[in-house]
Amino acid sequence: MTPARNSAVGERAPTGAAKAASKDKKGSGSASSESSASAAKAAKPVAKASAKPESRTALVRRARRINRELAEVYPYAHPELDFENPFELLVATVLSAQTTDLRVNQTTPALFAAYPTPEDMAAADPEALEQLIRPTGFFRAKAKSLIGLSAAIRDRFGGEVPGRIEDLVSLPGVGRKTAHVVLGNAFGRPGITVDTHFGRLVRRWKWTEATDPEKVEAEICALFPKSEWTMLSHRVIFHGRRICHSRRPACGACPIAPLCPSYGEGETDPEKASKLLKYEKGGKPGQRLKPPPDYPGLPAPPLGGDA
Ligand code: SF4
């Protein structure tokens with residue numbers, strides 16, 4: 001683990017911004033641009049840089065506090081890919097490379113109707129399969145992976161998606177990221193999913209300086225109890241998609257700004273920052289996220305885009 005150097009932040013109670021944002025998100029179906037804007041107005045950054053390096057203990061405390069704040073802001077955090085069983089989640093996750101979950105969710109209903117089982121997909125005509133998944137991009141390579149992994153599941157695992165990471169990563173086109181998504185969300189086995197959002201955010205928060213996904217995974221795992229790993233992944237990815245964007249993070253509207261050593265990397269003006277949030281106004285058909293079954297009373301905010 002590599003603690004932050006020269007950019008440690010003091011641990012302070014969250015400001016009203018975090019609480020305001022949390023309340024807004026938990027409110028009725030209007031959680032969206034209005035609530036985000038009010039959170040933005042309340043945003044009062046920020047932790048001051050300290051000359052002293054952050055101790056390991058302080059880093060662990062700050063990381064866990066960020067996780068708790070994110071849990072309040074995104075109580076509905078969940079995998080944004082639609083699936084009904086481990087095979088569907090595995091296929092959807094392979095398709096999600098280099099595209100949005102929304103695009104995958106628009107593509108998979110027809111795909112799963114045509115090839116509901118690994119046996120069906122293993123026997124697919126490659127060109128027919130390619131046409132079905134074409135909207136997700138890289139469709140030739142993805143079709144090859146899907147047919148290959150389906151055949152391997154049929155031939156080596158009796159037609160059932162295996163529940164061990166060493167078996168999953170042995171399937172064509174399946175890396176650790178995909179394996180952890182499947183293990184965490186279809187088998188309930190805790191794991192950290194290091195995708196582009198996760199890696200970017202944990203480096204901004206100085207939880208790690210590593211760029212290699214396996215090193216990031218190991219270092220972040222060491223900061224949290226195992227029971228938090230899967231939900232932490234969802235929360236961080238939610239935050240990366242909605243607020244802490246790659247190019248223009250909405251720092252002025254960010255509920256965890258007081259705990260973030262990278263505050264100021266993006267737009268700090270609350271009004272301007274609130275316009276960068278990826279919550280659509282009013283909700284467009286097809287873009288509203290489904291609330292997960294565990295949170296039946298909490299509407300998820302609509303997603304206005306994905307990165
Ligand atoms: S949006 Fe800004 S303040 Fe918030 S987590 Fe990202 S870099 Fe930090």
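**Close-up views of a predicted model**

Gln-98 counts as exposed because its relative accessibility is 69% (exposed is over 50%, buried under 20%, and partly exposed in between, with a 1.4 Å probe and protein chains only). The model is predicted: local features need pLDDT of at least 70, side-chain atom pairs count only at pLDDT 80 or more, and totals for chains, interfaces and linings use all residues. Residues are numbered from 1 along each chain as its sequence is written, and side-chain values use heavy atoms, with hydrogens and water left out.

**View 1. Gln-98 in its loop.** The loop lies between α4 (86-95) and α5 (101-114); helices are DSSP runs (H or I, at least four residues), numbered from the N terminus. Phi of Gln-98 is positive, near 65°. Most residues other than glycine have a negative phi.

**View 2. Lys-206 in its loop.** This loop runs between α11 (196-204) and α12 (213-221). Lys-206 has a positive phi near 60°. Lys-206 counts as partly exposed because its relative accessibility is 27%.

**View 3. The largest nonpolar core.** Such a core is a set of buried Ala, Val, Leu, Ile, Met, Phe, Trp, Tyr and Cys residues joined through side-chain atoms within 4.5 Å. Of its 39 residues, Phe-198, Trp-205, Trp-207 and Ile-220 touch the most other members. The helix α3 (56-73) gives the most to this core, with 6 residues.

**View 4. Contacts of Ile-220.** Leaving aside neighbours within four places in sequence, Ile-220 is in contact (heavy atoms within 4.5 Å) with Ile-192, Phe-198, Val-202, Trp-207, Thr-208 and Leu-232.

Terms used
Helices (H or I, at least four residues) and strands (E, at least two) are DSSP runs, numbered from the N terminus.
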